[in-house]
Amino acid sequence: MSKEEASEVLVIGGREVRITHPDKPYFSKQTKLSKLDIVRYYLSVAPGALAGIVDRPVVLKRFVNGAEGEAFYQKRAPTERPAWLRTVTLSFPSGRTAEEVVVDDAAGLAWIVNLGCIELHPHPVRSGNLEHPDELRVDLDPGPGVSWADVRSVALEVGALLDELGLRGWPKTSGSRGMHVNVRIQPRWTFSEVRRAAIALSRAVEPRAPALASSKWWKEERHGVFLDYNQNAKDRTTCSAYSVRPLPDARVATPLDWREVPDCEPADFTVLSLPKRFAELGDPHASINDAPGSLEKLLDLAARDDAAGLGDAPWPPHFRKMEGEGPRVAPSRAKSTAKTTRTKMPLIVVANSADKEAALAGLEKWKSKHTSAAGFLAIDDVLVDSMRGRSSTWTRIRVNLRHVPEALRPPQETPDPDDDAAREWHMKRGLKEAK
């Protein structure tokens with residue numbers, strides 16, 4: 001069958017967009033959806049989905065084998081693309097540059113979805129001002145076993161604090177286990193300043209809900225819901241409004257009115273339910289661009305933190321060491337000094353896999369093998385890390401044995417499974433350089 005025969009052409013806003021393999025299954029388990037079904041979903045909510053990505057460079061997170069297959073990140077725009085599709089060139093902390101796609105309309109939206117982009121990952125900048133974000137992003141990331149009710153409670157604290165600071169927060173479900181609160185800001189501050197404001201916000205929320213909220217970067221120090229300030233670092237993206245997530249029920253990252261937050265349930269928002277909701281209620285974030293706010297009060301909080309001895313917080317691992325940043329090493333691996341004594345956390349790795357379900361199955365095998373030790377574990381002793389490399393993602397699962405008596409602590413064994421994408425990349429790079 002030729003490419004033309006295995007495709008369907010849609011005319012969107014006067015532009016032709018070819019959908020290749022329209023019947024290809026993108027969800028085949030709990031919900032049955034084809035690639036064309038996903039394209040049609042996005043077109044049904046296009047005004048809302050475009051509000052989160054229009055005029056912004058977009059990282060293409062491609063699920064070429066559907067939501068149940070492995071995804072990869074593509075920063076650079078495909079060489080074969082419509083003449084009407086814009087691009088801009090971004091520079092990154094590594095010194096590299098990339099020409100990235102900019103979506104301006106529903107035709108562009110359908111075109112990237114045809115590439116397998118069931119999630120939308122825009123940068124927090126506009127194409128005309130690439131060094132000054134117009135959005136601060138609050139990513140609420142619950143630890144293992146943390147309830148959805150706790151996530152909602154922390155989101156409400158975030159909204160209340162923002163209101164006190166004269167800022168408007170716009171909440172949405174992440175489409176997975178967490179929530180996002182986006183804040184439109186005036187594009188006056190650099191990425192570093194926006195991230196510093198996000199750190200101050202995270203630290204200010206923590207004492208308002210000390211049992212639920214955490215601003216600690218290292219997972220072994222966290223509890224409850226982590227306010228991930230590093231999503232504001234340059235080169236980081238999060239899934240935007242109306243993004244479809246690769247879960248069996250095809251959940252959607254859904255914008256909410258604050259009045260909906262106390263009772264909302266993420267499972268209520270799916271590809272099947274969102275078109276009707278959108279048609280009846282419209283987009284709760286339709287006026288998000290009307291009144292961008294100022295970061296001055298948050299940066300005042302950051303200055304007070306500095307004066308109190310709270311400097312910069314750890315950056316993501318692929319960033320260069322920053323001025324004022326403390327040691328970039330997990331507390332469990334930090335060496336003791338004469339001035340500071342740390343208790344090393346007894347952490348072991350039990351699974352590494354590109355398939356999250358396989359990694360979780362590996363955790364269960366470890367628990368079955370070490371039943372005595374597993375019985376002492378608290379909910380937050382299991383650390384599920386979503387690791388992101390240059391073009392791939394994988395899941396690492398670690399176990400903190402701090403609550404397990406020393407005599408019962410299992411030693412570090414070869415993780416099962418043990419396919420670490422980063423290790424493979426470094427090995428290939430080493431072989432290449434050796435040549």
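Start by selecting Ser127, which counts as buried because its relative accessibility is 15% (buried means under 20% relative accessible area, exposed over 50%, partly exposed in between, with a 1.4 Å probe and protein chains only). Before you go on, note that this is a predicted model, where local features need pLDDT of at least 70, side-chain atom pairs count only at pLDDT 80 or more, and totals for chains, interfaces and linings use all residues. Residues are numbered from 1 along each chain as its sequence is written, and side-chain values use heavy atoms, with hydrogens and water left out.

**Around Ser127**

You'll find Ser127 in the loop between β9 (121-122) and β10 (strands are DSSP runs of E with at least two residues, helices are runs of H or I with at least four, and both are numbered from the N terminus). Now show the side chains of Asp55 and Arg86. Ser127 has a side-chain polar contact of 2.5 Å with Asp55, and another of 3.2 Å with Arg86. A polar contact here is a pair of N or O atoms within 3.5 Å; within protein, one must be able to donate a hydrogen and the other to accept it, and residues adjacent in sequence count only if both atoms are side-chain atoms.

Not counting residues up to four places away in sequence, Ser127 touches Asp55, Arg86, Val88 and Val102 (contact means heavy atoms within 4.5 Å).

**Hop to Val102**

Select Val102 next, in strand β8 (residues 97-102). Is Val102 buried or exposed? Val102 counts as buried, because its relative accessibility is 0%. Leaving aside neighbours within four places in sequence, its contacts include Arg56, Pro57, Thr87 and Ser127.

**Along to helix α3**

Move on to α3 (residues 106-114), a mostly covered helix with 9 of its 9 residues buried. Among them are Leu109, Trp111, Ile112 and Asn114. Just after α3, click on Gly116, which takes a positive phi of about 105 degrees.

**The open sheet**

Now colour five strands in the order β11-β12-β10-β14-β13: they form an open sheet with mixed pairing. At the edges are β11 (170-173) and β13 (213-214), each pairing on one side only. Two strands pair if DSSP finds at least two bridges between them. Zoom in on β11 and β12, which pair in the antiparallel sense over 4 bridges. Here Thr173 stands opposite Met179 in β12.

**Inside the cavities**

How many cavities of 30 Å³ or more are there? The count comes to 4. A cavity is a set of points, on a 1 Å grid over the protein atoms alone, where a 1.4 Å probe fits but cannot get out; lining residues have an atom within 4 Å of a point. Grid points are joined across faces, edges and corners, and a volume is the space filled by probe spheres set on the points.

The largest cavity holds about 180 Å³ of space. Of its 20 lining residues, select Gly52, Glu135, Asn182, Arg184 and Ala241, which lie nearest its centre. The elements giving two or more residues to this lining are α2 (46-53), β10 (135-142) and β12 (179-184).

Finish at the second largest cavity, with about 60 Å³ of space. Its lining includes Phe92, His123, Phe191 and Asp235.

Terms used. On a 1 Å grid over the protein atoms alone, a cavity is a set of points where a 1.4 Å probe fits but cannot get out, and a pocket is an open set with protein on both sides within 12 Å along at least five of seven lines; lining residues have an atom within 4 Å of a point.
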